[in-house]
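I will jot down what I looked up, one entry at a time.

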Amino acid sequence: MTESVQHKIIILTAPSGAGKTSVKSRLLNTLKKELSFSVSATTRKMRGNEKEGVDYHFINEEAFKELVATNSFVEWEMVYQGLYYGTTIAEINRIWGEGKVPVLDIDVKGALNVKKKYGNDVLSIFIEPPSIEVLKERLIKRGTDSEENILMRINKAGEEISYKSMFDRVVLNDDIERATSEVVALVQQFIAN
Ligand code: 5GP
């Protein structure tokens, strides 16, 4: 694998409930040899089906602040009130060290910060939900968030959609199969060059 491939970054960003997680797992499955998921650190509580070190590194606020103080993050955000999420430099280096391209599933602001830092070495893809209504339905169906939480995510989604023009590519998730194929094609093209 060439030097330039090793130092690329792929970002998937979207409002919560836009189907980003499904697109992400399908992408990672399709391009297993080339890509690796960048596991973020977060202070939010683990959901039932999640695993430590696979979905996130679940840490407390004190440990998170220590990572901030030691400049250990590529980027970090308080994505929701009181809940911190961040991409560590160590995680990105670990993946580059394996000769793979990290895939970051991060919020809109974090994505813009990484893009600013790494420029053309980054492919940032915004997954657009068909509508706020569909988004709401998906979050309710997922059944992992409280009513208050869903409302918070919906409010944030409106704001996030307004940033979509700032990303390299926008993929409409009206159909999961179609959206995934589009993302896979974009990623293949990006890592081949
Ligand atoms: P969730 O709590 O549903 O897993 O994630 C909430 C949001 O946080 C999602 O939009 C997800 O992409 C974002 N997120 C996850 N990890 C990171 C990270 O390391 N940095 C930033 N900025 N956002 C993240």
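**The shell around the ligand**

I began with the secondary structure, and E5 gives the largest share of the shell around the ligand, with 4 residues. I keep in mind that this is a predicted model. Strand E5 covers 73-80 and strand E6 covers 83-88, and each of them supplies at least two residues of the shell.

Next I looked at what kinds of residues make up the shell: I noted 8 charged, 5 nonpolar and 4 polar. Of the 17 residues around the ligand, I wrote down Lys20, Ser40, Arg44, Tyr56 and Tyr85 as the ones that come nearest.

Then I turned to the ligand's oxygen atoms. I found a polar side-chain atom of Ser40 at 2.6 Å from a ligand oxygen. For Lys20, an N or O atom of the side chain is 2.7 Å from an oxygen atom of the ligand. With Ile106 the backbone takes part: one of its polar backbone atoms is 3.5 Å from a ligand oxygen. I also checked the cover, and the protein hides 95% of the 510 Å² of accessible area that the ligand has on its own. Where does the ligand sit? I found it in the largest pocket.

**A side note on Asn71**

Last, I checked backbone angles. Most residues other than glycine have a negative phi. Asn71 is not a glycine, yet its phi is positive, at about 55 degrees. I located Asn71 in the loop between helix H3 (61-69) and E5. Is Asn71 buried or exposed? I put it down as exposed, because its relative accessibility is 60% and the cut-off for exposed is over 50%.

Definitions and conventions: Residues are numbered from 1 along each chain as its sequence is written. This is a predicted model: local features need pLDDT of at least 70, side-chain atom pairs count only at pLDDT 80 or more; totals for chains, interfaces and linings use all residues. Side-chain values use heavy atoms; hydrogens and water are left out. A residue is near a molecule or strand if one of its heavy atoms lies within 4 Å of it. A polar contact is a pair of N or O atoms within 3.5 Å; within protein, one must be able to donate a hydrogen and the other to accept it, and residues adjacent in sequence count only if both atoms are side-chain atoms. Accessible areas come from the Shrake-Rupley method with a 1.4 Å probe; for residues, only the protein chains shown count as cover. On a 1 Å grid over the protein atoms alone, a cavity is a set of points where a 1.4 Å probe fits but cannot get out, and a pocket is an open set with protein on both sides within 12 Å along at least five of seven lines; lining residues have an atom within 4 Å of a point. A molecule sits in a cavity or pocket if more than half of its atoms lie within 2 Å of its grid points. Ala, Val, Leu, Ile, Met, Phe, Trp, Tyr, Cys and Pro count as nonpolar, Asp, Glu, Lys and Arg as charged, and the others, Gly among them, as polar. Buried means under 20% relative accessible area, exposed over 50%, partly exposed in between (1.4 Å probe, protein chains only).
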